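Hi,

Here is the structure I promised to pass on.

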Amino acid sequence: MQRLASRITVTAKVSSSLRTIILKETPSSSWLSIRCFSAFSSQQRVTEKEAIPGDLLKWGSLGFCRTSRFASGFKPLEPKPLYSIMDLNRAKNRSPEDLASIWDDYHLGRGHIGLTMKAKLYRLLEQRGSDCRYFVVPLWRGSGYTTMFGQVQLPYMLFTGLEDYKARGTQASPYFTASFYTEFAESKDLVLIRGDIVFTSKLTDEEAKWLLETTQSFYLNDVRYKLVECFNKEPRDFEFKDVLRALDMPIL
């Protein structure tokens with residue numbers, strides 16, 4: 001009830017008339033104007049420049065193998081273009097702050113994640129993601145954590161559980177995907193981010209948002225990024241406990 005009340009309070013900040021002008025909602029179901037990444041095709045492949053680095057690892061004990069590719073047998077459905085979600089002509093007249101507020105609030109309670117970022121940070125994420133594509137992030141739950149395996153391939157980011165990856169290898173399905181829209185990057189210094197939870201039994205909305213924001217922090221923070229570089233380029237020297245320390249999580 002407290003969560004529901006919070007959502008209602010936040011959503012009320014944006015008038016329904018303004019949202020209708022900017023976002024193309026349908027009367028019967030306001031979220032139908034956005035295609036959900038709820039299905040994956042085993043007939044299509046994600047284009048990748050290279051496989052996971054051969055020395056990932058010492059992590060071999062956790063289920064990686066030298067020829068593995070994450071989600072190589074799966075490709076998320078192409079998202080609807082932004083113009084089918086948002087009236088771009090009217091949106092052009094809105095400030096970046098207005099658009100960010102509308103975008104974030106629009107996704108509250110819809111089973112999706114809405115975030116935004118500055119264009120400069122997106123370009124840095126793009127640059128570092130192309131150089132270091134993979135990383136692992138602990139997701140704290142109760143008295144322990146679940147390790148998530150992420151792939152950065154902008155304009156997409158994909159996440160699955162490390163245990164699932166161990167069990168299924170190249171056929172591991174993403175639990176969560178994120179798409180980045182750059183239509184306003186030049187004009188408003190704003191990139192819109194939409195996250196879709198593929199398996200709601202695996203992640204809650206709050207966990208998915210935390211996972212996305214935390215992964216971005218490892219790519220955008222110079223100190224944390226050294227761990228990402230180590231994981232991708234010097235995996236034999238990578239220590240997972242350093243990630244735990246960076247997140248102030250106990251080493252179990």
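A word on confidence first: pLDDT, the predictor's confidence in each residue from 0 to 100, stays under 50 over residues 1–18, for which the model has 17 contacts beyond four places in sequence (contact means heavy atoms within 4.5 Å). Residues 25–74 are also under 50, with 138 such contacts. Where pLDDT is low, the predicted coordinates should not be read in detail. The protein averages 75, and 67% of the residues score at least 70.

This is a predicted model, so local features need pLDDT of at least 70 and side-chain atom pairs count only at pLDDT 80 or more, while totals for chains, interfaces and linings use all residues. Residues are numbered from 1 along each chain as its sequence is written, and side-chain values use heavy atoms, with hydrogens and water left out.

Now the rings. I get 13 aromatic pairs (Phe, Tyr or Trp rings, the last by its six-membered ring, with centres within 6.5 Å; planes under 30 degrees apart are stacked, over 60 edge-to-face, the rest tilted). One of them is Phe 135 with Phe 231, edge-to-face at 5.8 Å centre to centre and 85 degrees between the planes. Phe 135 is in strand β4 and Phe 231 in helix α9, so the pair ties together parts 96 residues apart in sequence (helices are DSSP runs of H or I, at least four residues; strands are E, at least two; both are numbered from the N terminus). Ring pairs also link these two with Phe 218 and Phe 238 into a cluster.

Cheers
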